[in-house]
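Thanks for coming, everyone. I have one structure to walk through today.

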Amino acid sequence: MSFTMHGVGVSSGIAIGHAHLVSHALLEVAHYDVPEHLVDAEVQRFSEAVEAVRDDLENIRHQLPTNAPTELGSFVGTHLMILADKSLAEAPAKIIRDERCNAEWALKQQMNSLVEQFDRIEDVYLRERKFDVVQVVERVIKVLLGHPSQVVLEKQESGMILVAHDLSPADAIQFKQHQFAAFITDGGGVTSHTAILARSLNIPSIVALHHARDFIRDGETIIVDGNQGVVIVSPDKNTLTEYRLRQEQWEIDQQKLKRLKLTKAVTLDGTAIELHANIEIPEDVTQSKAAGATGIGLYRTEFLFMNRRDWPSEDEQFEAYRKVAETMKGLPVTIRTLDLGADKPANPDEARDCANPALGLRAIRLCLAEPHIFHAQVRAILRASRHGNVKLMIPMLSTIAELRQARQLIERAKRSLREQQIPFDENIPIGGMIEVPAAALRADAFARELDFLSIGTNDLIQYTLAIDRADDAVAHLYNPLNPAVLLLIEMAIRAADKAGKPISVCGEMAGDPRFTRLLLGFGLRQFSMHPTYVLAVKHEVLQSSLPRLQPVARKILASADSERIEPLLDKLNQ
Ligand code: PEP
Ligand code: MG
């Protein structure tokens, strides 16, 4: 019988193939008593299993294929860290001794209590790290049960669709070697490691399907539509034909887009548009250049501070920033200062306990509270400025006072470099992000004091509509077309224009071709997005005529009713 399941599409594309269910060792755990004289041996069995998994993970880390996404190395590192933590490496041994139970059971009890602790955490990113703990425990249990600790892939046919409860990044390495067509998981959220990985592997993927593993049988034909977040199990002939056509069309469209790589992004009426890329790590520059991005509009430096127990030194930061600046060979590189906090804590273990992390000490607020961290980062950015076309951007500004305080710290960093006779670009442009409604409403004042602005629509929508951008439960209310959001975006663009300062959008809206014409109609001339979307947005730009767009964009702006905006947007996109 055919049926459809809905989840969260985290990587686009359409795949049709046979399901390959990944075993779930945790379901197989039995509970039995261990006689007193065998307790030491049981503890020993547990320790050996932990060691075997450690060896396995170390091997995986050393044998990463050269074309493996860079994130994999750090994900495997996180799993090694979790495995080494006392709460997993030692606590279960105490349970074995206290309760005289088998190692698998002790480990599962300990995991349950850790998961409970994670479940109480409000921060979504942190809460999702519980999946990493579960994945590590699963590996140890597989060894205890006599299974190899890696996901076993009995079948090797290409084009398989992996169906898993959740996948560890280390397991996902096999994606490269086995050429899976897609993967779907019960767990995970948009910000989970699995989702991050899916995007970098560029295969259609859907997470948060909840019970996919329970309802899908091994070998069953399934369609994965990553664009819509839909899985169709055992499709009938007509559906299959329809999706084969859609898949072909999708692939043709992707190929066509590639031809635009070297085409200049110019509208039909001759206006040049800048299409920049957002990056998280220096290696992302390769993908950005391949997509024909003409600059880096947002370098999210906080990723250098994550998954580790120490802060990166000034020198380590300098090397990362210099690499990006040099590789971009004179094209602009906008380095954003630390945006840690909320859904991006540096280290889950040390995350601050606060009621509303998104409204708490994050981004520039954190940097002003911890000036030594900001000082080292600004010095590193300034030093890198000599090696390319570097700009510095401050996130999450909400008051002019904050901006002035940040500028004073930047001046102090400049002074310290001058004193040490370390060269840097004295005229490095300093920009700020408009992502808090307070800043959007007074973008005029920020534009006067800054060299450029960039609108962070992800946070601007979150704060304007009071909707947590990472919370699945309110995801349906997260609407970029809300009239208040559009008004704030347009106001900020107008304010920057009036002050004669460049402005871009670097939130997800910039990478969604559905919004390209609307933003152009509002006067936007610079977009920055994940490299995967650059060509699709360029395609829209090439077919847009500004004189035709502006009147419809004005009508949209005048409307206070979201429902009226949708049809007007369709008209704009015709
Ligand atoms: C944004 O908020 O739109 C943005 C680009 O920053 P981030 O997604 O890193 O918060
Ligand atoms: Mg933001």
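Start at Leu162, which stands opposite Phe183 in strand 5. This is a predicted model, so keep that in mind throughout. Leu162 belongs to strand 4, residues 161-164. Strand 5 covers residues 182-185. The two strands run parallel and pair over four bridges.

Now the other pairing. Strand 3, residues 14-21, also pairs with strand 4 in the parallel sense, here over three bridges. Ala19 has Ile161 in strand 4 as its bridge partner.

Are the faces of strand 4 covered or open? Both are covered. Ile161 and Val163 lie on one side, Leu162 and Ala164 on the other, and all of them are buried. As a general point, side chains in a regular strand alternate between the two faces of the sheet.

Next, the metal. Which residues coordinate the magnesium ion, ligand 2? Glu435 does, through OE, and Asp459 does, through OD. The distances are 2.0 to 2.1 Å. This pair links distant parts of the chain, 24 residues apart. Glu435 sits in the loop between strand 13 (430-434) and helix 17 (437-441). Asp459 is in helix 19, residues 457-465.

Buried or exposed? Glu435 is buried, at 2% relative accessible area. Asp459 is buried too, with 2% relative accessibility.

Last, confidence. Mean pLDDT for the chain is 87. Of its residues, 87% reach 70 or more. One stretch to treat separately is residues 149-155, where pLDDT stays under 50. For that stretch the model has 26 contacts beyond four places in sequence.

Key. Residues are numbered from 1 along each chain as its sequence is written. Chains are lettered from A and ligands numbered from 1 in the order in which they are written. This is a predicted model: local features need pLDDT of at least 70, side-chain atom pairs count only at pLDDT 80 or more; totals for chains, interfaces and linings use all residues. Side-chain values use heavy atoms; hydrogens and water are left out. Donors are N, O and S atoms within 2.8 Å of the metal (3.2 Å for Na, K and Ca); water is not among the atoms, so sites may look incomplete. Buried means under 20% relative accessible area, exposed over 50%, partly exposed in between (1.4 Å probe, protein chains only). Two strands pair if DSSP finds at least two bridges between them. pLDDT is the predictor's confidence in each residue, from 0 to 100. Contact means heavy atoms within 4.5 Å.
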